[in-house]
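Visitor: Please take me through this model feature by feature, with the general idea before the particular case.

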Amino acid sequence: ENVGYELVTTGHSMGGGVAALFTMLLHSDDADVERAAIKGLSEGFDPESEREFNLEEILGTVKRSRCFTVGTPSLVSLNLSMQSQSYITSVICGKDIVPRLSIDNVKNLVDQLVGAAPLNRTINAMKKVGEIVIGGNENVSLEETSNDFELRNHSASSFMVPPGKVVHLRHLNAEAGPMSEVRHPTAFTQIHLSPRMFLDHFPTIYTSVLDRICQIGEQDEKVPSHRVGTTQDDRSPADDDAMDLG
């Protein structure tokens with residue numbers, strides 16, 4: 001019914017993840033997905049419409065579909081993320097923790113916390129108390145007990161990154177206004193504790209920052225500026241957090 005219209009999916013947080021995976025399926029050339037699409041399109045077609053049911057044209061539109069997500073979790077492999085860069089764009093705001101969440105990233109954070117805190121004696125003391133309570137050997141010393149606080153060594157299949165081309169909205173509170181940068185998906189493979197890690201995930205924050213960037217972009221059409229637009233950034237995550245003003 002809408003000649004010339006393109007199919008675009010979008011979503012925030014988990015909804016963005018669903019939208020991204022759905023769009024990947026549409027681009028997968030999978031026979032089952034194609035059959036399901038044909039069935040759904042056929043059932044939704046109005047037989048009284050003046051237009052003919054052009055299956056090839058409709059499937060072409062479906063396979064050209066694009067996806068724009070905000071605050072999407074890390075849910076695909078690096079290889080799949082790179083392959084989908086032509087049709088998926090993931091926007092990440094400041095310190096938003098959700099795009100940085102994955103099994104490997106959480107494990108790395110736990111590793112850092114364990115290394116920074118004196119957990120050995122605490123865990124061993126708790127084990128000793130437990131043995132005393134259940135009638136075990138009261139003479140067990142702290143040195144004799146072992147630490148079985150296990151940190152599993154996950155396989156490479158658990159290494160996940162945000163899908164598609166990743167645009168990072170940075171310097172949210174800078175006087176000159178926020179800026180956007182195209183980042184490599186692996187720039188978000190560490191969880192850094194920050195007062196803004198949850199606040200930056202709110203949809204209202206994304207909306208306000210994107211509106212502000214668009215306003216600055218309109219101004220830059222008259223006066224060129226280096227702060228707005230997208231630039232490829234190959235800095236490491238550590239460098240990113242050291243330079244990010246929020």
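**Reading the model**

Guide: Thr-89 faces its counterpart Lys-165, a residue of β4. The model is a predicted one, in which local features need pLDDT of at least 70 and side-chain atom pairs count only at pLDDT 80 or more, while totals for chains, interfaces and linings use all residues. Residues are numbered from 1 along each chain as its sequence is written, and side-chain values use heavy atoms, with hydrogens and water left out.

Visitor: Which strands are joined to β4 by bridges, and in which direction do they run?

Guide: Strands pair if DSSP finds at least two bridges between them. β3 (residues 88–93) is joined to β4 by five bridges, and the two run parallel. Five bridges also link β4 to β5 (residues 179–183), here in antiparallel fashion.

Visitor: Is strand β4 enclosed or open?

Guide: Buried means under 20% relative accessible area, exposed over 50%, and partly exposed in between (1.4 Å probe, protein chains only). Five of the six residues of β4 (residues 165–170) are buried, so the strand is largely enclosed by the rest of the structure. Across the protein chain, 37% of the 246 residues count as buried.

Visitor: How many helices and strands does the chain have?

Guide: Both are DSSP runs numbered from the N terminus: helices are H or I with at least four residues, strands E with at least two. The protein chain has eight helices and six strands, in the order β-α-α-α-β-α-β-α-α-β-β-α-β-α.

Visitor: Which residues of helix α3 are buried, and where around the axis do they lie?

Guide: In α3 (residues 55–63), the buried residues are Leu-59, Thr-61 and Val-62. They cover an arc of only 155° (from the directions of the C-beta atoms as seen from the helix axis), which puts them on the same side of α3.

Visitor: How many disulfides are there?

Guide: A disulfide is a covalent bond between the sulfur atoms of two cysteines; the criterion is a pair of cysteine sulfur atoms within 2.5 Å. The structure holds zero disulfides. Cys-93 counts as buried at 0% relative accessibility, whereas Cys-214, at 48%, counts as partly exposed.

Visitor: What is the mean pLDDT of the chain?

Guide: pLDDT is the predictor's confidence in each residue, from 0 to 100. Its mean for the protein chain is 76, with 65% of residues at 70 or more. Over residues 140–155 the pLDDT is below 50, although this stretch has 29 contacts (heavy atoms within 4.5 Å) beyond near neighbours in sequence. Where pLDDT is low, predicted coordinates should not be read in detail.
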